Amino acid sequence: MVNKKFQPILVLIIGVLFFTQSCAGRAAKPIRVAQSGDIKRTCKSIGKETKRIRQNVKKMLPAIKKADKKRTILMLTGGFLVIPWFFLDLSDADKIEANAQRARYNYLGGIASKRNCRLKVPKMKKFYFDDKGYRRRNR
């Protein structure tokens with residue numbers, strides 16, 4: 001089998017690879033859809049927050065695209081060399097956070113429409129992140 005001289009080195013390599021794999025991603029921190037005080041918000045504050053959310057989502061999309069490209073490259077190179085697979089981030093934290101922002105945006109839009117605010121808050125459809133340019137489905 002494996003020479004006794006190489007066993008500690010093999011165990012060390014496997015341990016380092018598992019440690020680095022656990023550091024590859026980050027936990028998603030999505031925002032809450034319904035927050036305390038939402039019912040008491042004015043139409044003006046709802047408009048400001050929906051605008052801020054829309055801007056945040058626009059900023060997040062390029063980062064999501066870049067992370068997907070990196071993941072694709074690591075998966076392809078991992079087919080030839082196993083080592084890159086240990087550095088894959090499979091958590092999709094950015095995607096989860098972007099969809100949470102979208103859900104909050106739609107929730108605030110619903111509150112605005114119930115109050116008959118004069119805001120144009122079109123519904124944001126769920127993002128289907130794929131290689132086709134990150135388009136929203138049914139659009």
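The axes of α2 and α3 come within 9 Å and cross at roughly 160 degrees. Axes here are lines fitted to C-alpha atoms over the stretch in contact, with angles from 0 to 180 degrees between N-to-C directions. Because angles over 145 degrees count as roughly antiparallel, α2 is roughly antiparallel to α3. Helices are DSSP runs (H or I, at least four residues), numbered from the N terminus.

This is a predicted model: local features need pLDDT of at least 70, side-chain atom pairs count only at pLDDT 80 or more, and totals for chains, interfaces and linings use all residues. Residues are numbered from 1 along each chain, and side-chain values use heavy atoms, without hydrogens and water.

Contact means heavy atoms within 4.5 Å. In α2, Ile53, Met60 and Ile64 are among the residues that meet α3, where the partners include Ala98, Tyr105 and Leu108.

Now the largest pocket. A pocket is an open set of points on a 1 Å grid where a 1.4 Å probe fits, with protein on both sides within 12 Å along at least five of seven lines; lining residues have an atom within 4 Å of a point. Its volume, the space filled by probe spheres set on the points, is about 260 Å³. Of its 15 lining residues, Ala67, Lys70, Arg71, Asp89 and Asp94 are the closest to the centre. α2 gives the most to this lining, with 6 residues.

Conventions
Helices (H or I, at least four residues) and strands (E, at least two) are DSSP runs, numbered from the N terminus. Angles under 35 degrees count as roughly parallel, over 145 as roughly antiparallel, 65 to 115 as roughly perpendicular and the rest as oblique.
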